[in-house]
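Here are my notes on the model you sent over. Have it open while you read, and check each point as you go.

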Amino acid sequence: MGSDAPATLECAHQLAALLIAQGKIAEAEPMCVRTLQRRESSLGRSHAATVASATLLAALYQQQGKYRKAEPILQRAVLDQQQSKGADAPATITAVTALGQMYLDQGRLDEASPLLQRALVDKERNKGVNHPDTLAATSLYAKLLVAQGDVKGAEEMMRMVLRAREKSLGPDHADTLRAATEMGAMLQRAKRYDDAEGHLRRVLIGNQRSLGASHPDTFSAITALAKLHQAQGKLDVAEPFFRRSMAGRQKVLGIDHADTLAAVSDVAQLLVEQGHLDTAEPMLRRVLNATEASHGRDHPLTVSAANSLADVLAEAGKRDEAEALFRRSLTSNEATHGRDHPDTLASVYRLGGLLYEDGKLDEAEPLLRRSVEAHNKVLGLSHPATLHVTSNLASLLTTVGKLDEAEPLLRRCLKYQERHLGASDPATMRSMSSLAAVLEKQGKMDEAEPTLERAVAISQESAGHDNATTLDMMMQLVQLYQAQGRYATSEPLLRSVLSTRQTVLGPDHEDTLRTAHALAALLVTQNKFGDAEALWARVSGSLKKTKGEAAPETLNARTEYARMLKEQGQTHYAEDAPRSVLVGRLEEAEPLMRRVLLSKQKSLGMDDVSTVATVKQLAGLLVEADKLYEAEPIFERLVQCSERAHGADDKRTLEAVDELAAVYQIENKLDKASLLFRRSLASREKTQGRSHPDTLRAMASLAACVAEQGKEEAFFPRRV
């Protein structure tokens, strides 16, 4: 027959399709290219067989992530068919569908929508709503609706598809089961887990009955059920399903098949959720190495494997290696898909998020801004993915103090989330909480308070009074009340949170202890020292038992207890109680503070920020107790530690310099005091400017010191 005979080319076409289905892309690609070229030469570009070859080659390129190669092939196919056969010809609609599906896969929803809608309308008009081709077009359009965030509309379409396939094909037909799988996925996305499980179990049973226990579609059904249980947090239920799928694919497909590697990755991700990072990491390294060897560095599957490994490395504290992998993924996605593809945007967001968590805010901010701008452009302002990245940009802007930019972003998120998700959705709750925090920092208490009170009320009603998110927002409301000095209002709310956490989490849980810590501090503020002291003792005892004597949490609790003793003495003294009350409380606080300092020096080191803070607290306590001779070397040491930890011109170092100078001044060591005050003033003028309040205070302190020295004439003429 010859190599260009139609029957020969059809055999080559079918063989290439089989190789693609088996994952043998490298063998299939030259066969697809050769078949397309020969059909164009012998049959012409507008022949149906030529269009089929063009569509297959484009699909192969899509699997490789080579969208830039696939797109012109499909665009040309659409144009050729329209010109030769008309806009409504079956071959034209086939090409239109393929191009629309490629745009959908790329996340180019605005370009995909008219093409897929055109294909659906044509099928309904020419073949009827229940024809298999029409149902396939309906399923594809439903996927578009899901990507656009219209899950409800997609569900209605898929129910119609499923009913039609059951009626015409039977309950166990492959197309019926595929429709049931898609329905289950949509219901899972809508968090209707029980309904989703019914569909997915039906798919598994149907595949086992019609295809057998070792068929790839059966393994896919097992995996779908596993992911459903995983989404509900039922990790122990999900694990045997994942492992069954992995073992079956290894046996049937081989250890390096793409589906097998995906199953290995699924098991590894489950292990990560279970906290088994050490076991998951080598599994994900194996997946990355095997995928890169078979598909290349820039293939979407390789990029996905790199991202999965990077996530685990970041969680395991291997941040530099994780960052390098995220940067590599971003470069690959930009080269393969372009700057605005969803996979590229995901890489931008992942890298920006890691940099944000690591405190590299200057590097993170432009990445998160780019992510938001691209999401706005590609998906629209109200898409759930857009709102998610916008919320995270607002969080970063809040952290760096750009509150005027963060506020409108959070208001926009809240507006669309309430409209599309409802007021009680967790994402909506987070936006309310974040907006309230920004308003509080801006001093807009009259807006912050009702926003947060509303969030608490909605969360209590929808999630329950003992829900973790509800309790967190109640704590935020407590802090808001305290920021306004409304201690009496905040106390019963704080006691309610503590009582609930004790019941739900237990008395020694870290959240319970943090709440008890906060209540003790509030009681000190209200001079309720007896109740506060009992709480401090309880918190310290629990932390010592659960964390250990030298744990930072234990040491910090003891530091706060010592500060309470100091404040208690000062309060009694201010109320004209005998001086012995102040001294007595300070004498209790001092040895406790010294013990904390020794423990921190041993466990954290001399220059740790927490150690330096404790040095400062001990020095201040000694000043209060009139033990200046002991306070002086402590302050001298504080200055040295702060210089090493923060730098000579850091605000914290200058505060230590001022405090040491004040001690020298009280001790009448005026020359030493004057020298330090001059150093503080010079540094503040350089770093903060001559008109800054801190600079002016430093100038006043120096002026008072030189006045004591009788050297006013040497100071004031120069300053005037």
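## Notes on the salt bridges and one histidine

Glu155 and Arg159 both sit in helix 8 (residues 151-169), 4 residues apart, about one turn of the helix. Helices here are DSSP runs (H or I, at least four residues; strands are E, at least two), numbered from the N terminus. Keep in mind that this is a predicted model: local features need pLDDT of at least 70 and side-chain atom pairs count only at pLDDT 80 or more, while totals for chains, interfaces and linings use all residues. Residues are numbered from 1 along each chain as its sequence is written, and side-chain values use heavy atoms, with hydrogens and water left out.

1. The side chains of Glu155 and Arg159 form a salt bridge, 3.0 Å from N to O. The term means a side-chain nitrogen of Lys or Arg within 4 Å of a carboxyl oxygen of Asp or Glu. Side chains of opposite charge can pair when their charged atoms come close.

2. Now look at how covered these two are. Glu155 is buried at 12% relative accessible area, whereas Arg159 is partly exposed at 30%. Buried means under 20% relative accessible area, exposed over 50%, and partly exposed in between (1.4 Å probe, protein chains only).

3. Across the whole structure, a search finds 49 salt bridges.

4. Asp472 is partly exposed, at 47%, but Arg501 is buried, at 7%.

5. Asp649 and Lys686 make another salt bridge, with 2.7 Å between the closest N and O atoms. Asp649 lies in the loop between helix 30 (628-646) and helix 31 (651-666) and Lys686 in helix 32 (residues 670-688), so the pair ties together parts 37 residues apart in sequence. Asp649 is partly exposed, at 29%, and Lys686 counts as exposed, at 59%.

6. Last, which residues is His341 in contact with, leaving aside its neighbours within four places in sequence? They are Tyr67, Asp105 and Gln106, where contact means heavy atoms within 4.5 Å. His341 lies in the loop between helix 16 (319-337) and helix 17 (342-357) and is buried, at 5% relative accessible area. Its C-alpha atom is 6.2 Å from that of Gly107, 234 residues away along the chain.
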